[in-house]
Amino acid sequence: KKTIGVLSVQGAFEEHIKILKQLDVNCIELRKKTDLTKHSIDGLVLPGGESTVMGKLLRELDLFDPIKHLIEQDIPVLGTCAGLILLAGKIADDETLYFAAMDIVARRNAYGRQLGSFQTDEEFNALGKIPMVFIRAPYIESVGEKVDILARVDNHIVAAKQANMIVTSFHPELTADLTVHQYFLNLI
Ligand code: GLN
């Protein structure tokens, strides 16, 4: 069985764990440094939530450096919504940087307040249309050469891949569709 570490300090981590369990993998909740030293993980999930809060907690709980190290060693990573922001190499109109591992420019809260939350069905990486739930979501404003675009909604990039990293600005863990998680597990 594959073992996936799910960052569990804030946000929608339980929903990711539910989906991953349906796909028959072991899940480790990452809440403190020893969760990483005690277990060896094959992949990492950075869930949605509030990127500023997650960034602060990652530092306070001494999880930032060990997770950054895993990402630099090319562990497969799925970052959703706030997780996308944590991986972005640049955040538009913002000097803040977190793992800065992926050559994308992310715009936070890109859909404004009124359009804060919505759902649509769009094509994901030629695997068919899947339901996409957006909650105060970012989108990807631009990507570098090494990045493949996996999905667009209304001409905005909402999913992308670079090497072993997959990011979505929507929440695949909030629907019953397993496409994104299955695609992530196939990287392992
Ligand atoms: N707006 C959040 C942020 O900027 C992301 C929203 C989410 O993860 N649902 O971090």
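The model is predicted: local features need pLDDT of at least 70, side-chain atom pairs count only at pLDDT 80 or more, and totals for chains, interfaces and linings use all residues. Residue numbers run from 1 along each chain as its sequence is written.

**The annotated binding site**

Next select Gly49, Glu50, Ser51, Arg108, Ile135 and Arg136, which an unreviewed UniProt entry annotates as "binding site". These residues span 88 residues in sequence, yet no two of their C-alpha atoms are more than 13.0 Å apart, so they gather at one spot. UniProt positions are in the numbering used here, feature names are shortened, and annotations may be inferred rather than shown by experiment.

Zoom in on Glu50, in the loop between strand S3 (43-46) and helix H3 (51-60). Helices (H or I, at least four residues) and strands (E, at least two) are DSSP runs, numbered from the N terminus. Glu50 counts as partly exposed because it has 16 C-beta neighbours inside 10 Å. The scale calls a residue buried with 20 or more other C-beta atoms within 10 Å of its own, exposed with 12 or fewer, and partly exposed in between, with C-beta atoms placed from the backbone. Leaving out residues up to four places away in sequence, Glu50 touches Gln10, Gly11 and Ala82; contact is C-beta atoms, placed from the backbone, within 7 Å.

Move to Arg136, in the loop between strand S8 (129-135) and strand S9 (139-143). Arg136 is partly exposed, with 17 C-beta neighbours inside 10 Å.

**The annotated active site**

Now select Cys81, His171 and Glu173, where the unreviewed UniProt entry places the feature "active site". They are spread over 93 residues of sequence but cluster in space, with a largest C-alpha distance of 10.8 Å.

Is Cys81 buried or exposed? Cys81 counts as buried because 30 C-beta neighbours lie inside 10 Å. Cys81 sits in the loop between strand S4 (77-80) and helix H5 (82-87). Beyond four places in sequence, the contacts of Cys81 are Gly48, Ile135, Ala137, Pro138, Ser169 and His171.

Glu173 lies in the loop between strand S12 (165-168) and helix H6 (179-185). Glu173 is also buried, having 26 other C-beta atoms within 10 Å. Not counting residues up to four places away in sequence, Glu173 touches Ala12, Glu15, His16, Ile19 and Thr80.

**Helix H1**

Select helix H1 (residues 13-22), whose buried residues are Phe13, His16, Ile17, Ile19 and Leu20. These cover an arc of only 165 degrees around the axis, which puts them on the same side of H1; the arc is that of the directions from the helix axis to the C-beta atoms. The face turned away from that buried side carries the exposed residues Lys18, Lys21 and Gln22. Among the elements covering the buried residues of H1 are strand S1 (3-7), strand S2 (26-30), S3 and H6.

**Strand pairs**

Finish with strand S5 (residues 88-91) and strand S6 (residues 102-107), which run parallel and are joined by three bridges. Strands pair if DSSP finds at least two bridges between them. Here Lys90 stands opposite Val105 in S6. S6 and S9 run antiparallel, joined by four bridges, and Arg107 stands opposite Tyr139 in S9.

Definitions and conventions
Contact = placed C-beta atoms within 7 Å.
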